[in-house]
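Work through the exercises below with the sequence and the 3D view at hand. Each task is followed by a solution in steps.

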Amino acid sequence: MPRTLIIAAIAGLISGAVFIAPMYQSVLGMLFINFTHLPLFLAGLGLGTAAVGVAALTGTLIVGAAQGVGPLLSFLAAIALPAALAVRQALQWRNASDGSVAWYPTGRLLVLMVCYGAGTFILLYMFMGSDGHGMIETMRVMLDDMLTVMIPAMGEDERLLASGLWAPYIPAALIVSWLITLTVNGAIAQGLLNRAGRNVRPSFEFIKTELPIGFAFALVASGALWYFASGASTFFVQTLTIVIALAYLFVGLAVVHQLSRGWPMRPLMLTLFYLMLLFFLGWPGLALVAAVGLVDQLFRLRPRFAGSAPDEENE
């Protein structure tokens, strides 16, 4: 077996082991569960599409052999397939008119992953009952069990009220968390490979991320449907709207990175910004950044900030 495929198989083994470790009540596994995609990205972005295919298949088989069909399908849908698809698209390139190599755009890669998350939600929604009540009830029971374990002092009435209130938002929150985790793992893998000189493609230019204009119309249409929706359809369109808006969150962050190029102590300022966004502003802050991303696409904010500081990074 070629050396690259052996390395890829080892990467898949590590990914599968990290995925199933929390099922064995491993504290170390709980700490590293958010890096399950990382070995797959390292194999793919460093060795190519065949390698990520081998790694994804190996990880899936490991999970299935250790835990059965349910975890196997979860790993396949949430870890293996999206990582393999992202790598395949990321490594596509063409010759530009000026003779340079044009790699698959970061924005289109982001849209692909958002569509993957939305498509997975739609399939589960249909499988669990087209009125949405089956999925909402599943989320409510899951949240109720979590609150019972995490906050045992909470009264039953309060717990039922909280789980019923937040259950319709759990699918969107899970997709948002999944896509952020996927993106961060891909960025870490590309950064490590760049430093080691093992990257297949150049750095992702995060700061130049742009989405197709049709995505803006999709967001506006979905938001309008959410505003006017009633009954069971509300849950469906609100989840899709939040998922679509997630793409504009990344564009909004690209605007912040562009604007910050002229700031003193830029790394520290960006770190403080992310800490404030995640731990203090929460969902309203994320929605505001996504709105900035949408405004940037419609009114071209970033070109106004271009040239305010040297081009110091490929983000």
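A residue is called buried under 20% relative accessible area, exposed over 50%, and partly exposed in between, using a 1.4 Å probe and protein chains only. The model is predicted, so local features need pLDDT of at least 70 and side-chain atom pairs count only at pLDDT 80 or more, while totals for chains, interfaces and linings use all residues. Residues are numbered from 1 along each chain as its sequence is written, and side-chain values use heavy atoms, with hydrogens and water left out.

**Exercise 1. Helix α7**

Solution: 
- Helices are DSSP runs (H or I, at least four residues), numbered from the N terminus. Gly134 belongs to helix α7, which covers residues 133-150.
- Gly134 is partly exposed because its relative accessibility is 27%. Its C-alpha atom is 9.9 Å from that of Leu124, 10 residues away along the chain.
- Arg140 and Glu137 are also in helix α7, 3 residues apart, which is about one turn of the helix.
- Glu137 has a relative accessible area of 38%, so Glu137 is partly exposed. Arg140, at 22%, is partly exposed too.

**Exercise 2. Salt bridges**

Task: Which residues form salt bridges, and which parts of the chain do these pairs join?

Solution: 
- Side chains of opposite charge can pair when their charged atoms come close. The rule asks for a side-chain nitrogen of Lys or Arg within 4 Å of a carboxyl oxygen of Asp or Glu.
- The count by this rule is 4 salt bridges. One of them joins Arg140 to Glu137, at 2.9 Å from N to O.
- Another is formed by Asp144 and Arg159, whose closest N and O atoms are 2.8 Å apart. Asp144 is in helix α7 and Arg159 in helix α8 (residues 156-166), so this pair ties together parts 15 residues apart in sequence. Asp144 and Arg159 are both buried.
- Glu210 and Arg300 also form a salt bridge, with 3.3 Å between the closest N and O atoms. Glu210 lies in the loop between α9 and α10 (213-228), and Arg300 in the loop between α12 and α13 (302-305), so the pair ties together parts 90 residues apart in sequence.
- Glu210 is partly exposed because its relative accessibility is 43%. Arg300 is partly exposed as well, at 41%.

**Exercise 3. Aromatic rings**

Task: How are the rings of Phe19 and Phe75 arranged?

Solution: 
- Rings of Phe, Tyr and Trp (its six-membered ring) pair if their centres lie within 6.5 Å; planes under 30 degrees apart are stacked, over 60 edge-to-face and the rest tilted. This gives 12 aromatic pairs.
- The ring centres of Phe19 and Phe75 are 5.2 Å apart and the planes meet at 75°, so the pair is edge-to-face.
- Phe19 is in helix α1 (residues 3-20) and Phe75 in helix α5, so the pair links distant parts of the chain, 56 residues apart.
- Phe19 and Phe75 are both buried.
- One aromatic cluster consists of Phe121, Tyr125, Phe235 and Phe236.

Technical notes
Helix = DSSP H or I, 4+ residues; strand = E, 2+ residues; numbered from the N terminus.
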